[in-house]
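The sequence and structure come first, and the points are then grouped by topic.

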Amino acid sequence: MMQSFLKAALVAASFAAQEIMRHYRGQIEVELKPDDSPVTIADRRAEEIIKEVLLAEFPEHGFYGEESGKEQADAEYLWLVDPIDGTKSFIGGYGMFSTQIALMHRGQLVLGVSSAPAAGEIAWGLRGGGAYIDATPVRVSDRSALSEAAVSTGNLNSLAKSKRWAALGRIFAAADRTRGYGDFYHYHRLAAGQLDAVIESDVNILDIAALSVIVQEAGGVFTDLQGEPPGIATTSVLAATPGLHGQLLEMLSA
C-alpha cells in the first residue's frame, strides 16, 4: 500500500514540475495573499494537478494544500502539499524552490517527496523504507563534534527576536562551517551527509512535512526548537545527526 502512495506522489510531483517549469523565468503575474505572501498561476495550477492526481487514486484521503486549504482534514490519510515552497525564489528566477508532498496517517508523517525541478533533484522518504535522492539511497553523516560540523540556517526572523539568538551565536562560533542555504536545499544536503544540522524558525508544516520524513529516514533527528516532533502546528526546526541534535537542543535551550 505504501508503495502505491509513493508512486502516486512521484507522478504528481512530475506533472507539477512540468507545469511549474513551463512558467519559470517567463512573464508571470504575481498576486499577494492576505498574509502578503506572493502567489502565481504556477502555484495554483501545480496544486490543482497534484490534488487531481492524488485524489483520483485515493478519493477517500484528505487534502491540505497551501493554496486551496483543507478538504476532509479528519480523514485517516491526509496529504499535505506546498506546490511551490519558495515562491519568491521562483518569481526571482533562481532555483531555490521546490514542490513538497507529504502524507500523514492518523497524525504521523509517513511519506515525503521533495521535488526541485530547477535544481534537477528529487528526494523522497518512506517510513521504514529509507530515503533517496535521485533514486540513490542517502544517509546522514556520523558527525557528533560541533567543531567538525557544518550548520545551515534559514528563516530566522522570530529566532533573532528571542532569547535563543545569543545561543545561536555560540553555535556558530563553535561550528566548523556555517551556511544559510534555506528551503529544500539544506535538508537534502543534511539527508545526504553533506551538512550536519539545520536550524530554522518561521516555517509551517507544509514547508517541512515531506522533508522531515526524508531526513528521519536518512537517519537524522528532526524536531522543532523545543524538541517536539513535527506536527500540524510546527513553526520551527532543529534537524541534525543523532550525535549533534541533543547538543544543539541543549545549547538552544540554555
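This is a predicted model: local features need pLDDT of at least 70, side-chain atom pairs count only at pLDDT 80 or more; totals for chains, interfaces and linings use all residues.

**Arg189 and overview**

Arg189 is buried, at a relative accessible area of 10%. Leaving aside residues up to four places away in sequence, Arg189 touches Glu121, Ile133, Gln194 and Leu195. The points below begin with the packing of H6 against H7.

**Helix packing**

- The description of two packed helices rests on the angle between their axes and on the distance between those axes.
- Helix H6 (residues 183-191) and helix H7 (residues 205-217) have axes that come within 9 Å and cross at roughly 10 degrees.
- Because angles under 35 degrees count as roughly parallel, H6 and H7 are roughly parallel to each other.
- On the H6 side the contact is made by Phe184, Tyr187, His188, Leu190 and Ala191, and on the H7 side by Ile208, Leu211, Ile214 and Val215.
- The residues in this contact of H6 with H7 comprise 8 nonpolar, 1 polar and no charged.
- Helix H5 (residues 164-174) and helix H8 (residues 242-253) form a further pair, with axes that come within 8 Å and cross at roughly 140 degrees.
- H5 is therefore oblique to H8, since only angles over 145 degrees would count as roughly antiparallel.
- From H5, the residues Arg164, Ala167, Leu168, Arg170 and Ile171 meet Leu248, Met251 and Leu252 of H8.
- The contact of H5 with H8 divides into 6 nonpolar, no polar and 2 charged residues.

**Helix H2 and its ends**

- Helix H2 covers residues 41-57.
- With 17 residues at 1.5 Å a residue, H2 should span 24 Å, and this agrees with the 24 Å between its end C-alpha atoms.
- The C-alpha atoms of Glu57 and Asp196 are separated by 37 Å, and the two residues are 139 residues apart along the chain.

**Thr87 in helix H3**

- Thr87 is found in helix H3 (residues 87-92), and it counts as buried at 10% relative accessibility.
- A polar atom of the Thr87 side chain lies 3.1 Å from the backbone oxygen of Ile84.
- Not counting residues up to four places away in sequence, Thr87 touches Pro38, Val39, Thr40 and Asp43.

- Thr223 lies in strand S14 (residues 221-223) and is buried, at 9% relative accessibility.
- Its side chain is joined to that of His245 by a polar contact of 2.9 Å.
- Residues up to four places away in sequence aside, Thr223 touches Glu228, Ser236, Val237, Leu238 and His245.
- Thr223 and Leu238 are 15 residues apart along the chain, and their C-alpha atoms are separated by 5.4 Å.
- Ser253 is found in helix H8, where it is partly exposed at a relative accessible area of 47%.
- A polar atom of the Ser253 side chain lies 2.7 Å from the backbone oxygen of Leu249.
- The C-alpha atoms of Ser253 and Gly227, 26 residues apart along the chain, are separated by 9.6 Å.

**Positive phi outside glycine**

- Arg25 is not a glycine, although its phi is positive at about 60 degrees.
- Arg25 sits in the loop between helix H1 (2-23) and strand S1 (31-32), and at 63% relative accessibility this residue counts as exposed.
- Gln72 likewise is not a glycine, and has a positive phi of about 55 degrees.
- The loop that holds Gln72 runs between strand S4 (69-71) and strand S5 (77-85), and Gln72 is partly exposed there, at a relative accessible area of 39%.

Definitions and conventions
Residues are numbered from 1 along each chain as its sequence is written. Side-chain values use heavy atoms; hydrogens and water are left out. Helices (H or I, at least four residues) and strands (E, at least two) are DSSP runs, numbered from the N terminus. Buried means under 20% relative accessible area, exposed over 50%, partly exposed in between (1.4 Å probe, protein chains only). Axes are lines fitted to C-alpha atoms, for helices over the stretch in contact, and angles run from 0 to 180 degrees between N-to-C directions. Angles under 35 degrees count as roughly parallel, over 145 as roughly antiparallel, 65 to 115 as roughly perpendicular and the rest as oblique. Contact means heavy atoms within 4.5 Å. Ala, Val, Leu, Ile, Met, Phe, Trp, Tyr, Cys and Pro count as nonpolar, Asp, Glu, Lys and Arg as charged, and the others, Gly among them, as polar. The expected span of a helix is 1.5 Å times one less than its number of residues. A polar contact is a pair of N or O atoms within 3.5 Å; within protein, one must be able to donate a hydrogen and the other to accept it, and residues adjacent in sequence count only if both atoms are side-chain atoms.
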